[in-house]
Amino acid sequence: MKVFVYILTISGIALYISGCQSNAAREKKSLNTPAEAVYDLEETAAEKAAILNSPTTKRQQAELSDFFSHKLLRTGFNGAMLVAKKGVTIFEQYHGIEDYQSKMLIGESSSFQLASVSKTFTGMGILWLMERGQLSLEDTLQRYFPTFPYMGITIRMLLNHRSGLPNYLYFSDSLWRNQDIFLTNAELLRMMEQHKPPVQHQPNTHFQYCNTNFALLASIIERVSGQKYPDFMRHTFFEPLGMTNTFVFDPTSTKRPHQTTSHKYNLRPEPDTYLDGVFGDKGIYSTAQDMLKWDQALYTGFFKPETLQQAFTPYSNEKPGVRNYGLGWRLMINPDSSKIIYHNGWWHGNNTVFCRLVQDSTTIIILGNKYDRGIYQAVKPIRAIMGHGDGDEEGEE
């Protein structure tokens with residue numbers, strides 16, 4: 001097997017650049033900026049230099065390199081890892097192959113199935129529509145699906161996983177007759193209306209993570225916006241943010257260039273199933289560099305502060321502990337009230353981490369296309385290197 005390690009060379013300010021940038025201060029864009037505009041998300045040259053030349057950064061780079069080479073790679077890691085401070089990439093490495101057949105090496109253009117990290121886009125898509133008065137989080141589902149048989153559930157309850165709905169990943173096997181045909185969001189809705197699989201609990205009584213919630217949110221986005229979910233995501237987020245290697249997966253279409261294949265732990269392919277036709281809870285492919293653009297968009301005025309406050313508020317407080325869930329985001333609220341805002345993902349052989357240490361704008365992105373729990377276990381030591389040693393390990397989604 002070919003093995004490839006890409007190490008980003010850091011010299012002065014020559015580092016990850018997403019496009020031609022001027023040395024002017026970063027412009028804060030208005031919410032009225034046309035969707036076609038690309039947001040400028042980077043620091044100035046002087047700001048980059050200050051971050052990259054600091055002794056702390058130099059030490060962190062050395063420790064991250066050592067961790068990657070001597071710890072993460074030993075887990076069988078096959079993927080991308082990026083760490084940034086205030087939007088400036090201080091560490092970026094790639095290892096392994098995109099596809100077991102082509103043996104194409106993973107690099108900065110390699111797009112990975114984000115799995116449940118896709119929920120961050122779906123959730124913020126709903127909040128984007130809310131900001132424009134096109135929906136309310138207190139709307140019940142019957143406003144969009146008049147014959148939906150589960151009453152008393154609001155959009156907010158879908159976003160924070162307090163709906164009590166059954167998880168389609170578990171009930172579909174017995175209800176979807178021809179599993180050679182991809183299940184779609186529309187067919188999932190019809191299946192629930194026809195068969196009424198039993199709820200897990202009554203609405204808004206407690207938290208229960210459920211992929212059905214975000215599949216339904218994707219359908220609401222389509223009904224409210226009048227666009228297909230992939231088109232809405234492209235027009236609303238991917239194109240404005242310059243996320244040129246990010247897209248919603250269509251299992252019936254031709255594989256895109258540098259779209260990675262899912263692998264089992266032994267590098268054998270992990271094939272798609274009929275469940276891959278459903279999106280919203282999963283299904284978005286992206287690169288490490290594009291995900292940094294998504295992270296930075298949440299700092300630069302793309303959303304109103306009050307919208308982000310709602311998104312990052314904990315909604316399930318029945319049990320004590322640091323872990324909680326916002327609106328499409330997992331939260332870790334430390335005793336000092338600092339927050340880690342994150343989401344992990346697991347689907348087939350894909351494992352993903354998107355971790356935002358907002359106290360000092362540190363970002364950790366790890367994307368893998370060969371099943372590897374070490375990806376989740378890597379977050380705690382990386383956080384410690386970056387000066388955030390508290391908190392539990394993160395896990396699968």
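This is a predicted model: local features need pLDDT of at least 70, side-chain atom pairs count only at pLDDT 80 or more; totals for chains, interfaces and linings use all residues.
Student: What percentage of the residues in the protein chain is buried?

Tutor: The protein chain has 397 residues, and its secondary structure comes to 12 helices and 11 strands. A residue counts as buried when its relative accessible area is under 20%. By that cut-off, the buried share of the protein chain is 56%.

Student: Which element gives the most to the lining of the largest pocket?

Tutor: The largest pocket has a volume of about 550 Å³, and of the 29 residues that line it, those closest to its centre are P230, V248, F249, D250 and F279. At least two lining residues come from each of α6 (185-195), α8 (229-238) and β5 (247-248). With 4 residues, the element that gives the most to this lining is α8.

Student: How many residues in the lining of the largest pocket are charged?

Tutor: When the lining of the largest pocket is sorted by class, 11 residues are nonpolar and 10 are polar. The charged residues in this lining number 8.

Student: Is T236 buried or exposed?

Tutor: T236 has its place in helix α8, and its relative accessible area is 7%. Because a residue with under 20% relative accessible area counts as buried, T236 is buried.

Student: Which residues does T236 touch, if those up to four places away in sequence are not counted?

Tutor: T236 and W128 are 108 residues apart in sequence, yet their C-alpha atoms are 8.6 Å apart in space. Within helix α8, a polar atom of the T236 side chain lies 2.8 Å from the backbone oxygen of F232, but F232 falls among the neighbours that this count leaves out. The residues that T236 touches on this count are W128 and F302.

Student: With which side chain does the side chain of T57 make a polar contact?

Tutor: T57 lies in helix α2, which covers residues 55-72, and T57 is buried, with a relative accessible area of 0%. Leaving aside neighbours within four places in sequence, T57 is in contact with I51, L52, K85 and I90. The polar contact of the T57 side chain, at 2.9 Å, is with the side chain of S54.

Definitions and conventions:
Residues are numbered from 1 along each chain as its sequence is written. Side-chain values use heavy atoms; hydrogens and water are left out. On a 1 Å grid over the protein atoms alone, a cavity is a set of points where a 1.4 Å probe fits but cannot get out, and a pocket is an open set with protein on both sides within 12 Å along at least five of seven lines; lining residues have an atom within 4 Å of a point. Grid points are joined across faces, edges and corners, and a volume is the space filled by probe spheres set on the points. Ala, Val, Leu, Ile, Met, Phe, Trp, Tyr, Cys and Pro count as nonpolar, Asp, Glu, Lys and Arg as charged, and the others, Gly among them, as polar. Buried means under 20% relative accessible area, exposed over 50%, partly exposed in between (1.4 Å probe, protein chains only). Contact means heavy atoms within 4.5 Å. A polar contact is a pair of N or O atoms within 3.5 Å; within protein, one must be able to donate a hydrogen and the other to accept it, and residues adjacent in sequence count only if both atoms are side-chain atoms.
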